[in-house]
Each structure stands twice: as C-alpha cells, then as structure tokens.
Amino acid sequence: MTVTAPAPKHRRLRTEIPGPASRALQERRAATVAAGVSSVLPVYVTSASGGLLTDADGNTLIDFGSGIAVTNVGHSAPAVVDRVRKQACWFTHTCFMVTPYEGYVEVCEALGELTPGTHEKRSVLFNSGAEAVENAVKIARVATGRQAVVVFDHAYHGRTNLTMALTAKSVPYKHGFGPFAPEVYRVPGSYPFRDGLTGEQAAAAALEKIEKQIGGDQVAAVVIEPIQGEGGFVEPAPGFLPALSRWCAEHGAVFVADEVQTGFCRTGDWFASSHEDVVPDLVATAKGIAGGLPLAAVTGRAELLDAVPAGGLGGTYGGNPVACAAALGSIETMRGENLASSARRIGEAVLPRLRALAAETGVIGDVRGRGAMLAAEFVRPGTTEPDAELTARVAKACHALGVVVLTCGTYGNVVRLLPPLSLSGELLDEGLSVLEHAVRQEISR
Ligand code: PLZ
C-alpha cells in the first residue's frame, strides 16, 4: 500500500481555532478520555509535515512546539518513514531480552559516538524520558553503592514515582500523588535572570548545601538538565555545570545529564552539555532521538553501566525494533542535513527579534535560549514579577492565529519556541510575526 500524505506549504485558517470538527472530537473525548490528561490546543491533527500541522477542519498551523521537542527532524522525515515502514514489514517486536536484533545494537553504537566524551561507553534503551532518568539513578546507585540523589530548583524529570520526586513543581505534576521516593535532595540551581549570580557563585551555594545537608561521600548522583526545560528554559550561568561536574568527579558521585529535551541537535550541538565541554558520566536521552517514536536511552561510562548485573535493566518494549529504525532514520537525517547548524540558524534569526520585542513592549524581562530552544519570560514592566496571565493570553492569541506555541516555567510565565529544526525560514519568520502581533495585541487590551 502506498500512502501519500498531504504536504501543505502555508499556514491557512479555514475556520476558527479549534473548528467544528475538532470541537466535536473534543466532546467525544470528554466522554471517554481521562480528564487528567489535558491538551494545550485541542485541534485534532490529521497530518503533519514541513513544520505545519493540518487539523480535522482543514486548517494548517505552524508548529513551534515539535510535540515538546520531539520532531526535531520534522513530523514525517523520509528517512524515518522509510525505515519504520520497512522494519514494520519485517517484524514489529521480539523483545530484546528474549531474542535480540541488530537495530538495538546500531542505536547504541550511534549513541556511543554522538554523546560527549571519547571514553568507553555502554547504552541501554527504554521507552520514555522518565524511564531513562529513573534508570540512570538505578545505575548510579548500584555503581556507587550510595543512595542520595541531588536535583535542582525548577527541575523537571518526569511523572513516574521516582522522577516525580526529582521534579520540582507540585501542580500539576506531583499534587496529590505522594508519597514520593526518598533520598532525593533539592538544592538551588543557576537562574541568572532571577538569582543574579555567576555560575561559580551559584555552584558554590549548591555545593555548600550538598556537603552540609547530605555529605559529599553519600551522593550517588547529581541529576541536572543542562538547560532546564519545563522549569522555564533556564540556561545556567557559564561555569555552573563545569563546577558541578568537577565536584562529582572529585567526590565519586555520578554526574547525570538529563538531555531528554535538550538533546539531538536541539540546542545547536548534538548535546547541550558540550556547550561548556562538560562530559557527563551518564546521559539520559529520549524525545528527539527517534523522530516521534517512543524511544529513550541511558548512555555513559562502561564501568557504570556494566556495574548492574545481567537482568537488572530492561523492560518488554525498551529498544523496540520499529522505534530503533526510527532513531537510525532520525540520526541519519540530523547528520545528512546538519540539523545542528539549522538549530543555530534558527536561534540567530529568533533571538534578535525577541530582544527587539522585549525592548519595544517592556513586558518581556528575559530573552534566552540556545539553538532552537528559545524563550521569552513575561514580567510586569520594570520588575521581575512573573506575568502568567499575559503569557497565557499571548499563547492563546498565537493559537487562534494558527501558530502552536507552548508555555513553561515554574511561574507559568515563559513562552517557549521549539520549532522543528527543518522548519523553513519563511515559516519561521511568519510564526514569529504572529507572536509579535499577539504580544502587541494583548498588551494593548
Ligand atoms: N526530562 C528534561 O523535558 C519531558 C513533559 C511534558 P517523558 N518533558 C515534557 C509533560 O507535561 O508530561 C521530560 C523532560 C526532561 C524528562 C522528561 C520526561 O520525558 O518522555 O515525558 O517521560
């Protein structure tokens, strides 16, 4: 069967957003889908390509979210589609823990090459980012024989019991879901816009807490997002990550980089840790790894991963062959099209425009980000007081005009941009114009 998917080239609104067909689906959904799972913008998607989502009413919307930093190579990259199609014809599953297959090994080989550092590495595959982070902690505990895990303010690491404990924000991620896993310690991170500290100062504050409240010889792992994602696209001040990484090396603790959102060319490099030449002991990856199929990994020092005895790591679907095929197609696309440089070009186009918008309007206190992981933090003019209400209105106005933007941040006051790295300059420009219009419109209300 040959399937040809629609490939529109322009944003086009045929109805209000969401339109009648999406609204009808939303009604059906309410009667059957749990209320606990919500959607940012309930337009029901029928196809997606070239950075455009087409919905059930025939509207086409510019995608500045990439399904939360997943479709870095686009929604249906040819190399991903071809390899998935072929793999699905040959076999969909055997379970790597029962009878293995080459795709899993190939993905681990690629991860060993692409993640920072030239030391001997091993990888293990899972289904989701939370599972990867949780397993990184399991590995660190076995390898060190210690239990304490250090995490940071504004951190997001997932929704399983252990990763909820690692995540900072209560509502909506943790509220009512306790008790949480023990031996998790939270310390301040580095949030230059809000703490005004240099990277060295912020690291000293965090390390003092760790040494006084836990003890350097008790720490199994320090788990950190090199740029925080859900917590507000917070880029630590230079020097912060290297200082933590050095401290881990000196104290026998495992430095775990959660690159679930920052990985796979998103920040203009294969991994955000490389920006300051940090070489994590373990790297957790997911999202962008497989062009939209569920796959995740822990990659790191051979002696750490191999410390867990056979049978200690795994799962029925971890490293599913179709997901591995998608990952190989996605990595091939990133390499072939040099998507890291595309991400840098996106950043270079977007940052000056966001800065100009900040200067013009006074409602954006900080513009930040790297590559195609970009953000504007909304505040009341002249202060650092978060303006979540304006942020929500701006996002809503963008949605109504056919541009999918996401918000984030502990205070809900950050608009984040995560376009597919393959997005055309024309659509990027158009989406940004819509965002600028939305901000001007909402502040003049
Ligand atoms: N670590 C850094 O960003 C997922 C979650 C959205 P999963 N971020 C989006 C939501 O509301 O659930 C994420 C992340 C970082 C871990 C995760 C978890 O990855 O694949 O969602 O489990």
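Pro 18 is found in the segment before α1 (20–30), where helices (H or I, at least four residues) and strands (E, at least two) are DSSP runs numbered from the N terminus. The peptide bond from Ile 17 to Pro 18 is cis, with omega near -10 degrees. The model is predicted, with local features requiring pLDDT of at least 70 and side-chain atom pairs counting only at pLDDT 80 or more, while totals for chains, interfaces and linings use all residues. Residues are numbered from 1 along each chain as its sequence is written, and side-chain values use heavy atoms, with hydrogens and water left out.

A cis peptide bond also joins Gly 178 to Pro 179, with omega near 5 degrees. Pro 179 belongs to the loop between α6 (161–166) and β6 (184–187). In the loop between β8 (254–258) and β9 (282–285) lies Asp 277. Asp 277 is a residue other than glycine with a positive phi, near 55 degrees.

Two packed helices are described by the angle between their axes and the distance between the axes. Axes here are lines fitted to C-alpha atoms, for helices over the stretch in contact, and angles run from 0 to 180 degrees between N-to-C directions. Helix α3 (residues 78–90) and helix α11 (residues 321–336) have axes that come within 8 Å and cross at roughly 155 degrees. Helix α3 is therefore roughly antiparallel to α11 (angles over 145 degrees count as roughly antiparallel, under 35 as roughly parallel, 65 to 115 as roughly perpendicular and the rest as oblique). The crossing of α3 and α11 is right-handed, that is, the near helix is turned clockwise from the far one by less than a right angle.

For helix α12 (residues 339–361) and helix α14 (residues 425–443), the axes come within 11 Å and cross at roughly 15 degrees. This makes α12 roughly parallel to α14. The crossing of α12 and α14 is right-handed.

The ligand is surrounded by 15 residues, the closest being Gly 129, Ala 130, Arg 159, Asp 258 and Gln 261 (a residue is near if one of its heavy atoms lies within 4 Å). This shell divides into five nonpolar, five polar and five charged residues, with Ala, Val, Leu, Ile, Met, Phe, Trp, Tyr, Cys and Pro counted as nonpolar, Asp, Glu, Lys and Arg as charged, and the others, Gly among them, as polar.

Polar contacts are pairs of N or O atoms within 3.5 Å. A nitrogen atom of the ligand lies 3.1 Å from a polar side-chain atom of Lys 287. For Glu 230, a polar side-chain atom is 3.3 Å from a ligand nitrogen atom. An N or O atom in the side chain of Tyr 156 is 3.2 Å from an oxygen atom of the ligand. The protein covers 82% of the 510 Å² of accessible area that the ligand has on its own (Shrake-Rupley method, 1.4 Å probe).

Methods:
Polar contact = N/O pair within 3.5 Å; in protein donor to acceptor, adjacent residues only side chain to side chain.
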